[in-house]
Amino acid sequence: MSTERKTMALSILWKAPKVNPVNHKAQSVPVLNPLNIYGRTFFFSTMGFMIAFMSWYAWTPLLSKTIKDDLHLSKTDIANSNVLALTATLLVRFMVGPLCDRFGPRLVYISLLLVGMIPTAMAGLVTSARGVMVIRFFVGILGGTFVPCQVWSMQFFDKNVIGTANGLMAGMGNAGGGITYFVMPAIFDSLVHSQRLTPHVAWRVSFTVPAILITATALGMLFLCEDTPTGKWADRKKMVSNSSGDSTPVKTGGVVVELPNGGRLGQLYHAPTSNSTLEEKKEPVEGYISNPEDARLGEVEIARTEVEIARAEVVKAPTFREAVNVFFSLQCLMLALPYACSFGGELAINSILGAYYMDRFPHLTQTSSGKWAAMFGFLNVVFRPAGGMLSDIIYRKSNRSVSAKKFWLVFLGVSQGAMCLAIGLLNTHTQATMFGLVAGLALFMDASNGANFALVPHVFPQANGILSGFVGASGNLGGVIFALLFRFNGIHYGRVIWWIGCVCVAVNVGVSWIRVIPKGQIGGL
């Protein structure tokens with residue numbers, strides 16, 4: 001690839017994206033352009049989830065020693081608090097899905113952040129094991145931010161890049177679980193050694209930092225972001241232009257979505273620069289009508305079909321019956337069970353990984369074991385987006401086959417099960433082997449999470465919030481179940497991990513036969 005082509009490929013990271021004129025969704029992800037409405041949404045959605053995840057797991061690095069010694073906690077107390085934190089998130093994710101469809105994901109996101117900030121700020125008031133459990137339960141509200149994070153993304157990014165967008169947001173957000181293993185001990189050590197605070201006071205003061213970060217991020221979302229590319233959530237139907245191309249031009253943060261000279265829908269355009277006109281910058285995109293003036297009747301029909309599909313996919317305020325139909329569909333099961341294994345396994349293993357390392361390698365300190373455990377969370381930055389990106393590539397290379405996306409998900413799920421079996425059965429005392437196996441597990445587990453939410457937008461697009469909430473909640477349900485297995489097996493971490501591996505393999509093979517799109521729905525035949 002020439003230097004010029006490489007530069008052009010990289011430029012999508014900061015250039016205003018091409019926008020589908022039918023639904024006003026971006027065709028690329030401007031990761032490095034927070035001034036653009038699409039880039040700004042990406043930035044705040046990612047940052048919000050990262051801060052929320054960091055705060056949700058802020059207890060874990062300090063709990064195994066500092067807080068445990070200060071409050072005289074037992075291993076059972078710690079395990080119970082882990083389960084309660086996951087349980088709260090399960091309930092919140094289940095509830096906020098329909099709320100996202102009704103009130104819009106941005107406002108739901110902001111509300112969860114501000115509500116979750118309160119118990120985070122109150123962490124320093126805890127004086128007993130019961131207090132730890134209560135506070136961690138309510139801090140678990142922050143874990144529910146994953147659902148509006150993903151649903152908000154689905155309003156701004158089109159299907160050809162949604163796996164990439166969702167994967168990047170969730171992957172970088174999940175990395176908060178790794179960041180907290182560095183940040184919280186660093187804050188604690190600084191307060192003890194530089195500020196001369198006692199450990200009893202220092203760990204309590206440490207929690208003010210995530211509380212401040214949560215508040216700042218929520219206010220940024222409130223004042224700097226939009227519900228949809230076209231404005232308010234109540235006006236989301238305006239996202240879909242009409243089939244004759246005479247709809248009112250929509251300005252979306254410098255990306256002007258307008259078909260010049262009465263052209264018909266079906267063509268995508270680059271956003272104009274300040275020194276050029278839209279007519280000069282229009283560039284046809286493969287798969288869409290390239291010359292509106294000479295379009296044949298069949299091409300016009302394709303354009304109208306694009307509009308009809310987009311209208312059918314506009315998120316609707318859900319009724320109880322519609323929600324039940326989604327919850328009890330095989331398609332929901334096809335996504336929920338693998339996510340219960342992948343994200344649920346990640347949550348449960350992330351909670352015990354530091355303790356597991358200290359058990360296998362007694363010479364490690366709280367800080368050093370925490371840093372090695374942080375690797376598991378940090379790898380989300382690479383592997384979760386990779387799962388979504390490869391899913392998008394497979395989708396495009398297979399002529400937009402959603403079944404191809406499904407089989408990619410199944411492959412990743414079976415592979416993560418194999419890695420769990422290797423870790424649990426070997427249960428090695430060799431650091432290099434252990435850390436290498438855990439990195440391999442992170443590869444398949446994180447990629448499976450990304451591939452799952454690359455598939456979600458295709459299944460029930462008119463009920464993205466409901467489906468995302470249910471699938472997201474299933475991840476926490478898996479986390480609770482796996483955490484209970486760790487809870488009742490004491491320090492036998494390896495045994496539980498290979499059990500998880502068996503479940504992962506069985507579940508992913510078991511759902512592989514389910515069709516992705518229900519019969520009777522557009523695309524379901």
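Colleagues, residues are numbered from 1 along each chain as its sequence is written. The model is predicted, so local features need pLDDT of at least 70 and side-chain atom pairs count only at pLDDT 80 or more, while totals for chains, interfaces and linings use all residues; side-chain values use heavy atoms, with hydrogens and water left out.

Let me begin with the core. A nonpolar core here is a set of buried Ala, Val, Leu, Ile, Met, Phe, Trp, Tyr and Cys residues joined through side-chain atoms within 4.5 Å. Buried means under 20% relative accessible area, exposed over 50%, and partly exposed in between, with a 1.4 Å probe and protein chains only. The largest such core has 132 residues, and those with the most contacts inside it are W59, I67, F157, W203, Y357, L467 and F486. Helix 19, residues 431-459, supplies the largest share of this core, 14 residues. Helices are DSSP runs of H or I with at least four residues, strands are runs of E with at least two, and both are numbered from the N terminus. In soluble globular proteins, nonpolar side chains tend to be buried together.

What does I67 touch, apart from residues up to four places away in sequence? Its partners are W59, L62, H72, L73, W203 and F207, where contact means heavy atoms within 4.5 Å.

I turn to the aromatic rings. Rings of Phe, Tyr and Trp (its six-membered ring) pair if their centres lie within 6.5 Å; planes under 30 degrees apart count as stacked, over 60 as edge-to-face and the rest as tilted. By this rule the count comes to 33 aromatic pairs. One of them joins F486 and Y493, a tilted pair at 6.2 Å centre to centre, with 50 degrees between the planes. F486 counts as buried because its relative accessibility is 5%, and Y493 because its value is 8%. Elsewhere, ring pairs link F49, F53, W56, Y57, F146, Y339, F343 and F453 into a cluster.

Charges also sit over rings, a term that requires NZ of Lys or CZ of Arg within 6 Å of the ring centre and within 35 degrees of the ring normal. The charged end of K405 lies over the ring of Y395, 4.7 Å from its centre, and that of R487 lies over the ring of F488, 4.6 Å from its centre.

Next, three individual residues. S55 belongs to helix 2, residues 37-56, and is buried at a relative accessible area of 1%. A polar atom of the S55 side chain lies 2.9 Å from the backbone oxygen of I51. Beyond four places in sequence, S55 touches T120, V139, L142, P210 and I214.

N350 is in helix 15, residues 330-360. Is N350 buried or exposed? At 4% relative accessibility, N350 counts as buried. Leaving aside neighbours within four places, its contacts are Y57, T60, G177, Y181, A373 and F376.

K232, by contrast, is exposed, with a relative accessible area of 58%. It is found in the loop between helix 11 (208-224) and strand 1 (250-252). K232 and G104 are 128 residues apart in sequence, yet 8.6 Å apart in space, C-alpha to C-alpha.

Technical notes:
A polar contact is a pair of N or O atoms within 3.5 Å; within protein, one must be able to donate a hydrogen and the other to accept it, and residues adjacent in sequence count only if both atoms are side-chain atoms.
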